Amino acid sequence: MTIALKTSQHIVLQAIFGSTMSANWPERISAFLRSPSQFLCSTTSDIFLAEVLHELRDDRASDHIKVLLLSPLLEHPTLLCPSVFVGEETALELMSVFAQCSPKSLPLRCHLLLALTSVLLCSCCVSSHTSASQDFLDLLLQMAQDTNDAQAGAALHPLRTTACDCLRELEACLPGLLSQRLELLSSLRQQENSRLHQAYTGLHALALRNAVYLLTQQKGAGAGDLKTALGSNEGFVWGEGADSAQPNSESHSDLALFSPLTLGTMGKVPSLQTGLDCKELRSLLSSLLEESYLLTSLSQAALLRRLVEVLAMVPAVSPTIFRAQLLRLLGTCKVCLLHTTLLMKAAFTDSLFSAEDETFLLKRLVGLSQHPLLSTPEKLFYMDCILHFPENRPISSGDESLPVLLTPRLAAALVPTVFNDSVSMLARLNLLSLVYLEEGEEDREGQGGRGLAYLYDHLTSLLRIVENQSSREMVVTFFRASFLFLFHFCHVKRYSEDLSQRLCDLYLRRTRLAPHLINLSDRTQDRLEESGWAVALLRALQRTITEAPLSQLTLQDLRWHLRILARVAEEGEVLQRATLNFLLCVITSSSSALCVSGDWRLGNSVLGVCRRLLLHPSLDSLLTPLADLLQHLTCHYGETDIQDHARLYYTLLTTLSQEKLAGVLAQRGTERGRQAKVRSLSAIMSENEELTSGLTVHQTERPLLRLVKLDKHEPDECRPEHKPDSEPACETESSPGQGGIEDYRAQFQSSSFASEITLQYHLTHTGVHDPHFDKLFSIRLHFDLTDGHYEEVSDISVPCLFRTRKPPTVRLRLKPKQPYHTTLRASAIFTTEDGLSWHSPLADLHVAFPEVFLPLLTPLGWAREKKQRVFEGIWGEICSGQSEGDLTNTATSLFCDQLEESAVGELVEKYFQRYLVSDLDKGRCKVLFFLPPQSHVLLKVITEEDAVQVHIATDNWKLLPYINSYLDDITKEIHSTQQVNGDV
C-alpha cells in the first residue's frame, strides 16, 4: 500500500511536470551510488524507490536506463527495502516488470532476476516464506528446466545461466532450500549438453552438500533418509516453525557458514551413520567426478571441495572414490586445483594418499616454488603450502611446521639469492631457516653448521649491498631478513654478535638507517622477550656513537645519533653515563655551533634524550651531569622554547623525587621494559587534565583482584634461621629428658626464632573481565588487622599481573602475639597500562586456627630420638607441674571418638604427618604443634579397639577450645570419607 501510494503521487507529479526527470536518471543514480546517505538527505527511501519502480514500468524508458535503475536495488537492497513487507511489494513489482518485458530484452531480464534475488534475500522474504519468494523460486526452476534450450531456443541461453546463478545464490544463503529437489537437479545436470552443464553441476553439488549436512543434524537419520533425500523432487525446505519467518532468524545462519574442513580436525565434522548401504550416493559421486574434467579449473576446484565435504560427513563412502582423479590433480599446474588437492589430503590423509603420493606432492611443491615461468604470487603460494603441508601422520600442529620429508637436501633448491625479488627472498630465507632449525644444524659449540653459515653469508651480502647506497626496497629487505635470521638463530652467539658489530659499522657509514635499527631492536625485543640481543645492539650503538671522533660529527648525523640515544635511554639495563658525557661534549664544546644555531628540532631531540634520562632507574648517579646539561641549555641555547623546556626539566629534576618524576613524565607507562611513546612533539607534559588524572588514585567500582590460598607448605621457611652456637658437649651431663629441652629452649633467646608463619596465595583477577585491567603493574597489597592477636602486617609488592600469564605467588608473613585465628582486610593499589593509579578492595582473608601450626622446630641435624626427648620433657613438665618457668597456663584434656584402626591411620597421614614426633606404631603416635610465639600443643594418639583416644597437653590453656574444635572437625571429615568409601 505504501509503495502504491507513493507511486500514485509520482504519477500526479509526472502529469504536472512531464517526464523531465527521466533525462537526469544517470546523474541521480550516480549520486545515489556515490553516497546513499547524502542522496537520501534530499528525499526518502520510499519516494526514491517509488520513482525507480515507476520508471521501470514506463514503456518509454530504454532498456539501458532500466538496467541502470536496477543498480540501487543490486548495491543497496537493505537501504531501499528495510522490511519484509517493503521487500515483498518491491519483488512483486519487479516480477510484473519481468513478465511485461520483451523476450528480446535479455540484459534487462537478467538484471531483473539478479535484482529480485538481492531484494528477496536481503529483506528476509525467502526466510519468511513469502508468496513472492515462492513464485520467484518456481519461476527460476521453470527456466532452469528448459535444458539444451529445447523450448525457448538458444537466444535465451544467458537467461538460463542467470537463473542457475540465482538458484545457487539462494541455496548458498539459505543452505538446504533445494534439498528436496536433488533428483530434479541431478536430472537437469545429466540432460544438459551445452556449456551450461557447468552451472547445473555446481548447483547440484552445493545442494547435495547442504542436504547431507541437514541430515547430520537430524537425530536418528540414516541410510533410508539419505536415499529418500537423493530421490526427492518436490517442495522447498523453508525452515521449521514460526521462528524461521523472523528476519533475525538463525535457522540457517550456522548452515550458511558451514564448511567441515574449516572446523578443524576431521573428528569435529558432523557425520551421518548410514552403514554400508550407500550405493545411490556412491553412484552419484562417481557420476559427478567423471564429468568434472569437462569443467573449468575453478569450477572443478569448487566441485571437488563440495564432494570432499560430503565424503567427510558420510564415512561409509570410501575416499578411494577420488583415486582416479589423483593422477590428474597431482600433475596439475592450476593453483586452485592444487589447493583443492591439499585440502583433500588434509581431510583423508593416508586413507587416500600413499607415502609415494605424499613424497611426489611435496617435491612438486618445491619445484613449483622456484619455477622460473611462474609469477611471484604463485611461488609464494607454493612456499606457503610447504609450510602448512598436510602430512599423513603429522607430529606437530604449529602455525608453521615443516613436513618431515622436507630435508635440507630437498630444500636446497630454495636457497635465497640476491637475485630474487624481495618477497621471494624473504620467504625462502624463512623456509630455509625453519629447515635448518628443524635439523638442529649446530655444532658442539652451538656455532652453527654449513647451511646456517650460507644463510648468514647471504645476509652479509645484503648488508654489503645496503652499504653501497642501495634502494629503499633493498634496505627494508635487509632489515626484514635480519629480523627473520635473529628470530630463528638469535641463540647462535657467533652470528648474532657479529651481526651486531656489522650493524654498528653500517650505521656509522649510513646514519640515515637509524629508524630501521630502532625498529629492528623493537621488533626483536617484542618477539624474543628472553633474548638480550636487542639491548646488546643498543648498547653497542651507544658505544659506537659516543666513541666516534667529534671532529667528524655533522649536524645531520647528530640528529640521527640523538634518535638512537633516546631509544637507548629507554633501556634500564644500559648505563647512561657515556650518553651524558657525549651530550655535554657536543653542547658545551667551544667549537660547537649547536647552541648558537638555535635549531628547534635539534634542541627538542636533545630534550627528548634528557626526558628519558629523567625516567632512567640510575637517575641518582646521573643527577649532577644531567643538571649541568639542562642548566647549560637553559642559559645558552639560542631558542626560547627550548630554554623554557630545559628550565622546566631542571626544576623537576632538582625538586621532585624519582617516583614523582615517573608519575609526571611516564603518563603512558611502559611496554616490555621500555617507555611507551608519548605523543608530544616537544616531549613535555603540559599541565592539563591528563596530568591531574595521572596524579590521582582512582577507585574501582568492584573488586578486581583476589588472593587464592595455596594448600602447600614450605618446611624450609619454618626452620630456625640460625644454627645453634654450639652443641652440648655431652648429653649425659643432663638427665635424658632435660638435655634436649634445655637445648631446645635455648633457641627462644633469639627474638626472631620461629616468630612468623608464612601463608602462600596466588594473586589473580576476579571474574569481572575488563580489558582495561588485563595488565597491571606495581601492585601494592595492604593488609589491616581486625583484632590485636597479630603484629602489623607489612605491605607486599608484586611487580606485575597479566591475565594471560601464570599468576604470581604472594607470601604473607604473619607474626602472632597470640596464636589464634584472625581475619585480615586487604586492598591493592596498582597501575594500569595507561599510567593511571587505581585502588581496589580485596575479599577478606581468613586465617584459620590450623594454619598457625608449625612442626617442632629444632636445630638442624637433630635426630628423631632427641625430638622425642623434647616431647617427653615438655609433656612431663605440663603433667607434673615441675618446671623452672610459670606453668599456671598449662592444661591437659582428653578427646575420644569412634574410629577404626584404618581410619586412625588415615587421620594421622592426612592431618598429623607434618607434626609427628614418633610414627604410628601399634595404634600409637605422638604429635606436637608449635604455635608462635612460644606455645605448644602435644597429642598422644592411642587406639583402643574401635575407638581412639587423643590425650592433649598444652602450655596455654586458652587454646583447648580451639584444639577440641579442630579435632572434632577432622574426625567428622574422616567419618564422612569412610562413609563414602563404604557406599562405593
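Predicted model: local features only at pLDDT ≥ 70, side-chain atom pairs only at ≥ 80, totals over all residues.
Start with the helices. Helix α13 covers residues 197-216, and helix α16 covers residues 279-290. Their axes come within 12 Å and cross at roughly 150 degrees. Angles over 145 count as roughly antiparallel, and α13 and α16 are therefore roughly antiparallel to each other. The crossing of the two is left-handed.

Which residues of α13 and α16 make the contact? From α13, they are Thr201, His204 and Leu208. From α16, they are Leu281, Leu284, Leu285 and Leu288. Sorted by class, this contact of α13 with α16 has five nonpolar and two polar residues, and no charged ones.

Now the sheet. Five strands make up an open sheet, with antiparallel pairing, in the order β12-β16-β15-β14-β13. At the edges stand β12 (891-897) and β13 (916-921); each has a single partner strand, so one side of each is left without a neighbour in the sheet. On average, neighbouring strands here are turned by 20 degrees against each other, direction ignored.

Within the sheet, take β14, residues 924-931, and β15, residues 935-944. Eight bridges join these two antiparallel strands. Leu931 has Ser935 in β15 as its bridge partner.

Two helices pack on this sheet. Helix α39 (residues 864-880) touches β12, β13, β14, β15 and β16 (947-954), and its direction makes about 100 degrees with that of β15. Helix α40 (residues 901-912) touches β13, β14, β15 and β16, and its direction makes about 160 degrees with that of β15.

Key:
Residues numbered from 1 in each chain as written. Heavy atoms only, no water. Axes fitted to C-alpha atoms, helices over the stretch in contact; angles between N-to-C directions. Helix = DSSP H or I, 4+ residues; strand = E, 2+ residues; numbered from the N terminus. Parallel < 35°, antiparallel > 145°, perpendicular 65-115°, else oblique. Left-handed = near helix turned anticlockwise from the far one by under 90°. Contact = heavy atoms within 4.5 Å. Nonpolar A, V, L, I, M, F, W, Y, C, P; charged D, E, K, R; others polar. Pairing = 2+ DSSP bridges.
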